[in-house]
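Trainee: I have a structure open and would like to know what stands behind the words used to describe it. Could we go through them together?

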Amino acid sequence: MTEREPLEVEETPNYGELFNAEDDSLTRGKRTIQKPSKESWLHHLKPGVDIDRSLVVYKIFYFFYFAAIGSLQPYLALYFKHSLQLPAHLVGIVIGIRPFCLFFSAPILGTIADKYSKVRAVLVVALFSYIVSSLVVTVVPPVDMSCLSEVNKKLNLTVNETQINIHGNHTTKQENVLKHAILKHKQEEKAHEHLEIKERGNTELWKENWIFDVYRKLDPRTYEKAKVVFVVVLTITIAGELLGSTSNTLSDVATLQNLGNNPNDYGEQRLWGEIGWGITAFITGSIVAHQYSEQTDICPNKVFDIYRPFFYVYAALMTISLLVATRFKFNDSDKHIGERCTLFKSLEVFTCLEYIVFAVFALILGIAFGTAEAFLGIHLLELGATASLFSALVGVQCLSNLTLYYASIYLIKRFGQVRMIAIGLVAYSIRFFYFSIIPSAWLVLPIELFGGFCEALVWSSLASYVGTPPRIGATLQGILHGLYYGLGRGLGQIIGGVLIKSYSEMHFFRYFSLVMLLLFFAFLLFAPILNAKKTIWMNLSGYTPVNDEGNERLEYKKQVKLFWTGKRD
């Protein structure tokens, strides 16, 4: 009796796997029938364990790119405040203009990259502009080079003379205004035990409102000098951001293109950026805290020495990212050069209701992201946060985002991007409400363990929903980045700043929590329709899920049932 040969049948793809119907005949094979077995949860972790060597270059890029971001950008505001001696509102303009540069430049540069098939060239130029702008900023001189102790000595002498003049009534109206300001400043200082600067440690030293205000009391012309420095710094920032901010957009384009039919695996690549950011942000934060703890005076030259190395580290890490980016592989689209690949043509994608809803909520989530990013630290300072707390906060946020970037591979495949967006909305509501009720700054750490649901999971869902359709992939990703990281993030900072002036941080976060909860319920009305609609990249690329049976044509009630249960009649 001869041994029976195994029975062979055509292979069928796994549930939820996407395939290109055009290439299906090339990928299908035959396999031996095996006894069916129930897949364990470990099966879903396999994509993160088996590293695809062709994708290693993108992991390396994200690591060094976001390591560069983490080494400098969290401390730019402090550099402008303590080193360049700029006033608060001018620092706010320099920092706040950056997201709006992204909003305008990302779609335009994405369109140029698509139209002329020059994604790699535009990406290299963007990274190079970041390197140059970061180095140029280091040569901008500060407003005033005098140490704060010298300024206070002059103020002490001026106060003594002012008191004599005031009692003698030998002053002009303009002089009295300045002298009144000087006297008020000294009275505020005398209300504290530690009067002399050299007797104060770092904790008290850096609680000065804005050092610029002290300089300005000594010399009213200081503001005119500050405006010159501000114009120079603002020009450098705008030029660098208009060209450089699209670097993240185009790196995402390269990654998503090489993921092919699996854009849901985006989080596995992006998590390496979170690792790089967390490492450098923690290291530089520790260095800054240590250097400040040894400062007994504020001298622009010495503060320059604290921050200047970070600019060099940033430039070095960004240079490595640039070299890695030259190894990216992009889809060959030379045959599409000259076709109607314009920004307005790409905007036509968002003319249908489902994609309009998607774009609106991408903007809303960007506003929430910008608000949390800009004002959580301020709220924690009001609650008495210390440098050690901020270091711990960086670690917790990094761990949370890293975990959710990795988990997004399974969650998006299992539940879809629309459900993850809904989770992000309700997570922001819970998070903001928690911020408003904590009595101690250290209590923020538990809720930040779930911060990845708001940032990592939301962004993975948005990016993979849009994907990189042929001919307009960079343009569409530019529009998404512009809405979320650009306009949304910028509006979040502006709206938050305006409302916090009218309400306290506690009330602001509480009201924002209520708004996000209402938006969550509003999203649930459209979610079934959006869930039944193909994602943007699937719709424009001609890909179809294996289990797709025309969900877009279902009645609304059945779409609702499909959204909540994943099943229909």
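Mentor: Gladly! Let's begin with a term: a cavity is a set of grid points where a 1.4 Å probe fits but cannot get out. Keep in mind that this is a predicted model.

Trainee: How many cavities of 30 Å³ or more does that rule give?

Mentor: The count comes to two. The largest cavity holds about 210 Å³ of space.

Trainee: What makes a residue part of the lining of the largest cavity, and which ones lie nearest its centre?

Mentor: A lining residue has an atom within 4 Å of a cavity point. For the largest cavity, 17 residues qualify, and Leu 76, Ser 133, Ser 134, Val 137 and Glu 241 lie nearest its centre. Two or more lining residues come from each of helix 4 (76-83), helix 5 (88-115), helix 6 (119-137), helix 11 (222-244) and helix 14 (300-325). Sorted by class, the lining has ten nonpolar, five polar and two charged residues.

Trainee: How do you know that the length of helix 17 agrees with 1.5 Å a residue?

Mentor: The expected span is 1.5 Å times one less than the number of residues. Helix 17 has 29 residues, so it should span 42 Å; its end C-alpha atoms are 39 Å apart, and that agrees.

Trainee: What does the same test say about helix 16 (residues 353-382)?

Mentor: Helix 16 has 30 residues and reaches 43 Å from its first C-alpha to its last, close to the 44 Å expected.

Trainee: At what angle do helix 17 and helix 18 pack?

Mentor: The angle is about 145 degrees, and the axes are 9 Å apart. Gln 397, Leu 411, Ile 412 and Phe 415 in helix 17 meet Gln 417, Arg 419, Met 420 and Arg 431 in helix 18.

Conventions:
Residues numbered from 1 in each chain as written. Predicted model: local features only at pLDDT ≥ 70, side-chain atom pairs only at ≥ 80, totals over all residues. Heavy atoms only, no water. 1 Å grid on protein atoms, 1.4 Å probe; cavity = no way out; pocket = protein on both sides within 12 Å on 5 of 7 lines; lining within 4 Å. Points joined across faces, edges and corners; volume = space filled by probe spheres on them. Helix = DSSP H or I, 4+ residues; strand = E, 2+ residues; numbered from the N terminus. Nonpolar A, V, L, I, M, F, W, Y, C, P; charged D, E, K, R; others polar. Axes fitted to C-alpha atoms, helices over the stretch in contact; angles between N-to-C directions. Contact = heavy atoms within 4.5 Å.
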